[in-house]
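Keep the picture open as you read.

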Amino acid sequence: MAANKKLLMLPGDGIGPEVMGEVRRVIEWMDCRRHVSFDVIDDLVGGTAYDAHGTSLTDETLAKAMSVDAVLLGAVGGPKWDNVERQHRPEAGLLKLRKEMDLFANLRPATVIPALANASSLKEHIVSGLDMMFVRELTGGAYFSKPKLIEDLPGGGQRAVDTQVYSTAEIDRVCRVAFELAGKRVGKLHSVEKANVMETGVLWRAVATAVGEDYPEIELLHMYADNCAMQLVREPKQFDVIVTDNLFGDILSDCAAMLTGSLGMLPSASLGAADESGRRKALYEPVHGSAPDIAGEKKANPLAMLLSCAMMLRYSFDMAEDADLIEQAVANVLGQGLRTDDIMQDGMTAVSTDQMGEAVTDELDKLAA
Ligand code: IPM
Ligand code: MG
């Protein structure tokens with residue numbers, strides 16, 4: 001049997017611990033039923049880390065994240081920490097993890113599961129069968145570029161500055177991830193920026209075009225970000241893979257997420273550069289937030305977290321078959337009509353977070369029988 005895979009679980013805040021609990025259930029199932037073993041360590045991130053240590057990510061936790069094969073993160077944030085200084089805010093811990101681990105490529109699939117095609121706020125025929133993937137640049141742009149400040153003005157009032165910087169190398173590496181992915185899918189890539197207004201957009205377009213020369217078999221299309229927002233709600237199925245910067249990716253991926261019916265369904269993978277052996281540092285987290293309003297009530301939808309675990313199996317451990325199993329189990333339980341609150345519809349069966357998780361492992365039992 002291969003060496004155990006080392007996982008760091010960072011459940012975080014709000015509903016994070018509840019949804020992570022369901023991943024533990026699936027990991028245990030895999031330990032018993034599949035030819036794989038995981039060594040799981042646990043730690044704090046976000047507001048819970050701040051409460052315990054006065055900072056949302058300690059150096060010790062970061063060192064653990066750097067040493068494991070993959071990190072699974074639940075969610076961070078909540079009103080309780082709204083007045084904490086910015087550098088210690090829950091979000092700062094997550095941003096520091098992304099930056100320090102150099103997780104520059106954020107993969108966010110937006111897939112409409114057949115059983116949920118009528119749960120979208122868009123008409124069913126617009127979204128049914130949708131299967132697209134965002135590749136969001138995650139360690140540069142407006143999130144991290146300096147200067148970034150608020151300062152007092154001599155005559156009164158203040159001035160705030162955010163900066164957007166992108167280098168050729170930063171654009172090149174994230175575009176390569178996107179082209180590679182496009183090659184494994186239908187061979188079509190949209191590169192999204194605002195080259196009509198922003199210098200970073202001009203460079204982005206030039207670099208995407210240059211990288212495209214190494215991938216002649218991929219159809220590369222350029223689109224302005226505002227048009228992309230419009231096209232996502234007009235005709236989302238024209239897209240397969242979209243590569244874009246950090247800020248546009250944040251906004252557009254939320255928009256795409258909603259096409260699928262619920263933010264509670266969407267996983268993500270954040271990947272670093274491949275080392276000599278082809279391994280990448282990686283963090284997997286659901287796209288949804290910490291939903292403090294329902295935390296502790298067992299109402300949260302654990303499926304995005306479970307699908308993030310499936311992405312981990314696929315991208316960090318090359319366990320496509322096991323990833324497929326989890327994805328199929330999720331589709332099956334939805335097909336049976338089980339629904340958490342966020343995706344509840346007439347005639348369906350309401351279930352709690354743990355009932356949903358149990359249903360998934362029951363389904364895994366059947367699929368693997
Ligand atoms: C996301 C979130 C984060 C972001 C927040 C929590 C800092 O919205 O992962 O999309 O803006 O990147
Ligand atoms: Mg976001």
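Helices (H or I, at least four residues) and strands (E, at least two) are DSSP runs, numbered from the N terminus. This is a predicted model, in which local features need pLDDT of at least 70, side-chain atom pairs count only at pLDDT 80 or more, and totals for chains, interfaces and linings use all residues. Residues are numbered from 1 along each chain as its sequence is written, chains are lettered from A and ligands numbered from 1 in the order in which they are written, and side-chain values use heavy atoms, with hydrogens and water left out.

Which residues surround ligand 1? They are Glu91, Arg98, Arg108, Arg136, Tyr143 and Asp250, where a residue is near a molecule if one of its heavy atoms lies within 4 Å of it. This shell holds 5 charged residues, 1 nonpolar and no polar. In this sorting, Ala, Val, Leu, Ile, Met, Phe, Trp, Tyr, Cys and Pro count as nonpolar, Asp, Glu, Lys and Arg as charged, and the others, Gly among them, as polar. Both domain 1 (1-115 + 262-369) and domain 2 (131-259) give at least three residues to the shell; the domain bounds come from an automatic or database domain assignment.

Now look at individual atoms, searching for polar contacts (pairs of N or O atoms within 3.5 Å). A polar side-chain atom of Arg98 lies 2.7 Å from an oxygen atom of ligand 1. For Arg108, a polar side-chain atom is 2.8 Å from a ligand oxygen, and an N or O atom in the side chain of Asp250 also lies 2.8 Å from an oxygen of ligand 1. Taken alone, ligand 1 exposes 320 Å², and the protein buries 74% of that (areas come from the Shrake-Rupley method with a 1.4 Å probe).

A cavity is a set of points, on a 1 Å grid over the protein atoms alone, where a 1.4 Å probe fits but cannot get out, and its lining residues have an atom within 4 Å of a point. Grid points are joined across faces, edges and corners, and a volume is the space filled by probe spheres set on the points. How many cavities of 30 Å³ or more are there? The count comes to 2.

The largest cavity contains about 40 Å³ of space. Its lining includes Gln164, Tyr166, Trp204 and Phe248. Strand S8 (188-193) and helix H7 (199-212) each give two or more residues to this lining, with H7 supplying the largest share, 3 residues. By class, the lining has 5 nonpolar, 3 polar and 2 charged residues.

The second largest cavity has about 30 Å³ of space. Strand S4 (105-111) and helix H9 (246-259) each supply at least two of the lining residues, and S4 gives the most, with 3. Here the classes are 5 nonpolar, 1 polar and 1 charged.

Finally, follow the backbone into two loops. Between strand S5 (131-137) and strand S6 (149-152) you will find Pro147, joined to Lys146 by a cis peptide bond with omega about 0 degrees. In the loop between strand S12 (280-286) and helix H10 (303-315) sits Ala291, a residue other than glycine with a positive phi, near 40 degrees.

Methods
Polar contact = N/O pair within 3.5 Å; in protein donor to acceptor, adjacent residues only side chain to side chain. 1 Å grid on protein atoms, 1.4 Å probe; cavity = no way out; pocket = protein on both sides within 12 Å on 5 of 7 lines; lining within 4 Å.
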